[in-house]
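Please look over the salt bridges and the nonpolar surface of the model below. A short report is wanted.

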Amino acid sequence: MGRVIYAGGDDFLGVFYDNEDSKEELKPRYCVDWFKDFKPKIWHGNEANKKKITVSVGFVWAFPGIPQRDVLQHCRDAEKSAKNNGRDRIAFRILFNNGNCLEWVCPWWLLETGLLSSYQDREKKQNWTHIYNDVAVLESRHAFDGNGLDVALGLLEIYFPNYVNVFTDRHKQLHPPKADLTQTQAGVLGAKHLYYKENSEEIDQTKVNKALTNWIINLAKVGFHLCQQ
């Protein structure tokens, strides 16, 4: 249900599509699950010649009827977003018919450990409508303003209880500048220098808190479109 259609140097462009032989409709969750095992199976799978790499990927789920040139441009932009947000991560982008888009950028290790599949609603099911609606209501009430990170972490406690400690651990939020990401785990938000105060090498914690809040909000929105069964 997919094919690499261009490869040059260390870049490639691929496409997912419906399997006409089985008449199986391509679901976005299939793509998410494929990427979950992308590095372990494709790059790290041969134990005899194992060589870890870093890879920055942009994935676009485009609604029908969008011109191909627009989809390709969003693919380029999503890949740049993965690189600009710290490298060794994937940028998931939802492209709507009106040209608007949603984006969520995730380091590979979080995807591989099952962040998305760990989601559970209050009924211990995987109905993403609940967190999506909660975020919409909270945004309409400006609940994410000010100390919005506390509200966002509260959502994590409800819907991703096994991952709260990951996001409250400052050592996991950012990684050192120029870090070897084959040896060091990529930060959830990327490299430290992206969050320095102006003309300083001191972390701007307000900026970090805002970015993490937005990261959790976008997780809910993009997860709804990609993972809702």
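The text that follows covers charged pairs, then a surface patch.

This is a predicted model: local features need pLDDT of at least 70, side-chain atom pairs count only at pLDDT 80 or more, and totals for chains, interfaces and linings use all residues. Residues are numbered from 1 along each chain as its sequence is written, and side-chain values use heavy atoms, with hydrogens and water left out.

**Salt bridges**

A search of the whole structure finds eight salt bridges. The term means a side-chain nitrogen of Lys or Arg within 4 Å of a carboxyl oxygen of Asp or Glu.

| Pair | N to O distance |
|---|---|
| Arg93 and Glu103 | 2.6 Å |
| Lys197 and Glu202 | 3.3 Å |

Helices (H or I, at least four residues) and strands (E, at least two) are DSSP runs, numbered from the N terminus. Both Lys39 and Asp88 are buried. Buried means under 20% relative accessible area, exposed over 50%, partly exposed in between (1.4 Å probe, protein chains only).

Arg93 is buried at 9%.

Lys197 is partly exposed at 35%. Glu202 is partly exposed at 45%.

**Nonpolar patch**

Ile5, Tyr6, Val15 and Tyr17 make a nonpolar surface patch of about 380 Å². Patch residues have over 30% relative accessible area and no salt bridge; like charges are joined within 9 Å, nonpolar side chains (Val, Leu, Ile, Met, Phe, Trp, Tyr) within 5 Å. Areas come from the Shrake-Rupley method with a 1.4 Å probe; for residues, only the protein chains shown count as cover. Val15 lies in strand 2 (residues 11–16). Val15 is partly exposed, at 36%.
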